[in-house]
Amino acid sequence: MSLRNFRLFRGDINGGKMENYSVEVDKGMVVLDVIHRIQTNQAGDLAVRWNCKAGKCGSCSVEINGKPKLACMTRMNEYGPDEKISVRPIKAFPVMKDLVADVSWNYEQNKKITPFQPNPDKKDQNGNYVMMQHDVDRIQEFRKCIECYLCQNVCHVLRDHDKKDQFVGPRFMIRLASLEMHPLDTVDRISSTKNDHGSGLCNITRCCTDVCPEHIQITDNGIIPLKERVVDRYYDPVLWLFRKLFRKKGK
Amino acid sequence: MNINDIKTIEHDVIVLGAGGAGLRAAIECSMQGLSTGLVCKSLLGKAHTVMAEGGVAASLGNVDNRDHWKVHFRDTMRGGKFLNNWRMAELHAKEAPERVRELEEWGAVFDRTKTGLINQRNFGGHRYPRLAHVGDRTGLEIIRTLQDRGIHQGIEVYMECTGLDFLKDKDKISGMVAMWRETGEFVIFRCKAIILATGGGGKAWKITSNSWEYTGDGYGMAYEAGAELMDMEFTQFHPTGMVWPPSVRGTLVTEGVRGEGGILVNSENKRFMYDNIPERFAAETADSEDEAEKWLAGDKDARRPPELLTRDVVARAIRKEVKAGRGSPHGGAFLDIANRRTAEDIKRKLPSMYHQFKVLAELDITKDSMEVGPTLHYFMGGVRVDSDSQMTRVPGLFACGECAAGVHGANRLGGNSLSDLLVCGKLAGSGAVNYIQSSTSMPPFDENQAIAIIRSATDILNRESGENPYLIHENLQDLMQNNVGIVRTDELLSDGIKGVMTLWNNFNNVKADGASQFNPGWHEAIALRNLLITSESVARSAKMREESRGAHTRIDFEGERDEWLKYNVVIRKNLDGSMLAEKVLRKDPDPELKRIAKLSIEDLEKEVTQDKKEK
């Protein structure tokens, strides 16, 4: 057990400040445990969002010493014994209160994405869909997403340029990729990926990939292939001519 | 307070809780044309369903084509020690395959077999590989699929909104008062029906796999509204929770580890489960390590290893080893997968377990054994509902998923909760649709009821001084852990009830500091009432049931008693406000269902083969 110094943001949309807390920390604790201890003993109304406490639900996203992280999966022994620990809410979204940010914008983006529609012809005679494991491996990677929105939080387009009206962000590029690469899906989302969801705004700095707690290769496996599909559709002169001459329905 | 300042929202139906059951119920209501509101305490997609790891049980027969609903039904009844509601267990086993296929129709991507079908894995108590899964994150796949389906179907979602209590028009449901967590403002939902899908109440215990949300809200609200609770004594202790470090004690380690071949050993390196095979399962369990190895290799004639016995059996066996001084350094047993599978296999089949131990315990499960011990995981009991409509005895009030009783009896099999929430979620949705179609209009609104509900919430903030809600909760957790734990006696339970009554007094004077805006202390204090109702009902039911059955173990009344198989313990609120526990005679089962459940596995397999030929 050791006494540690914590600095937590206290405040809301109208402003606030970093406040100091001195707290006993036990072996094996994660940052969220320490925040809970402060809540119990020193600040009963300290707001923090959390659920599963095992890195599976993506609720407790915060910025710890400037780094976007899940508080439940950040061990105290990642920091030096005398290091002061500062925790703030994720910056790309408006603060609600203390460590909690208003992430409702993300839920609005998901609604704009055309939902999954399966191809009934891919059923066998018993009514089961047939898909091979190697055909679903890549979308299973995207479907590991726990919607912690840490990728949204570090995306320059959203965080620094605040172009939330033009770009849905890496989380929803991954969602689009998981639909576009789904072996059963029949919807064409390439034009909406470009025109409505803003795929062109991503400039591939890979910051999203770096912070993903699920280690999803957001940029390389999701966004870049999507961008390639957009380029093939809109900017490839050979394909353009081909389509002009032999227009086909569907994908 | 002017009631007109409080926002009122109208829907045909309000679903409270947005885990798998709530989402599936809401989708059903919305698909059938109801105006549907979905109210949840957390953000959408964060409910406890995301923690379900191993899979969803359904007799698809993709891996072993001998599987059939009758075998799933028999396994479920035996796992539940025959205390399950027969009809519910029947509906559950029959409808689960269709509910799983429907998820695929909605975009879920399960792991595949070699021929491209939904893959299925072995799990405790299931005769065949039956759990459709996605690595060890099946719950996430299910909740995300339902969430993405639901948002495009016109369901209105009200996130971070806590239900406080129901409004009634005479005996019927007429609405609910709730509170926005962000602002602390109140909201009145007027509706014709309410579906509870609030999950269990594991947060009443200290060592639990459950998150903060699991405060028994549905139990407390239903009880206050005049509904009954049933089988509350059956609280499942999952055998494998993490035991180290202390801050993650209780966090779940999926049964999938054992399903993939993991074994339990004690400090003497002995596979102690061989000494803990109950008579009922002896004929179907391997009695040598040789046979268990053959089974794992896929030999259909070999019997399953004893590590895959039902959860109640494994949890008690681990406890016994620890008590006898043969536990692991931090008071658990060793769960070894490192010596059973290649590192590559482990990382592919159990990625989130690998990650969880690596980060939280600094342990590499491909190299070392995990330390595991029992953790409060699931409520078999809950709100008493009709088997087909899922309606309580309060007209217009429905319940499904973990918060309802019936499917699982005295003990739930792993994988049966995800199937339960899909099957019963849909049933509750249909139940509400039928109820609303047969009733006429929006029931009238009684503002005095709403004012009373709001007052009792604001009193907590307005008191000059009082008890710290966090500390009341901690005391309750210690009490339930010690007195209403994995083994029980009359003395422990009587003291437990007394303890709960003392905490009721503390609760009546609870005080939350600060303002109403996103105030976790206030939220905690509001949840305490439901936690206390939950705890008192579990303790009273457990004291009444003088036998040991499934998850309920009384060392002063060992073994199952035939007499007790005739009864459920039912809880309801007395007119004087006190809690009444009562033995209620169970209905006789349908003879055909009884016949199926009691058949030997050999005879049932023959019958099922015949059934499939005729089909």
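Start by selecting chain B, which has 18 helices and 20 strands (DSSP runs numbered from the N terminus: helices are H or I with at least four residues, strands E with at least two). Its radius of gyration, taken over C-alpha atoms, is 23 Å, close to the 25 Å that the globule rule gives for 615 residues, so chain B is as compact as a globular protein of that length. That rule is 2.2 Å times the number of residues to the power 0.38.

Before going on, remember that this is a predicted model: local features need pLDDT of at least 70, side-chain atom pairs count only at pLDDT 80 or more, and totals for chains, interfaces and linings use all residues. Residues are numbered from 1 along each chain as its sequence is written, while chains are lettered from A and ligands numbered from 1 in the order in which they are written.

Next, colour the open sheet of 5 strands in chain B: the order is β7-β3-β2-β11-β18, with parallel pairing (two strands pair if DSSP finds at least two bridges between them). At its edges lie β7 (156-158) and β18 (397-399) of chain B, each pairing on one side only.

Zoom in on β3 (residues 36-39) of chain B, which pairs with β7(B) over 3 bridges. Which residue of β7(B) is the bridge partner of B:Val39? Select B:Tyr158 to see that partner.

Now show helix α12 (residues 416-438) of chain B, which packs on the sheet and touches β2 (13-16), β11 (193-196) and β18 of chain B (residues are in contact if their C-beta atoms, placed from the backbone, lie within 7 Å).

Finally, move to chain A, divided into domain 1 (2-101) and domain 2 (104-245), with bounds from an automatic or database domain assignment. Here 12 residues of domain 1 of chain A are in contact with 13 residues of domain 2 of chain A.

Conventions: Two residues are in contact if their C-beta atoms, placed from the backbone, lie within 7 Å. Axes are lines fitted to C-alpha atoms, for helices over the stretch in contact, and angles run from 0 to 180 degrees between N-to-C directions.
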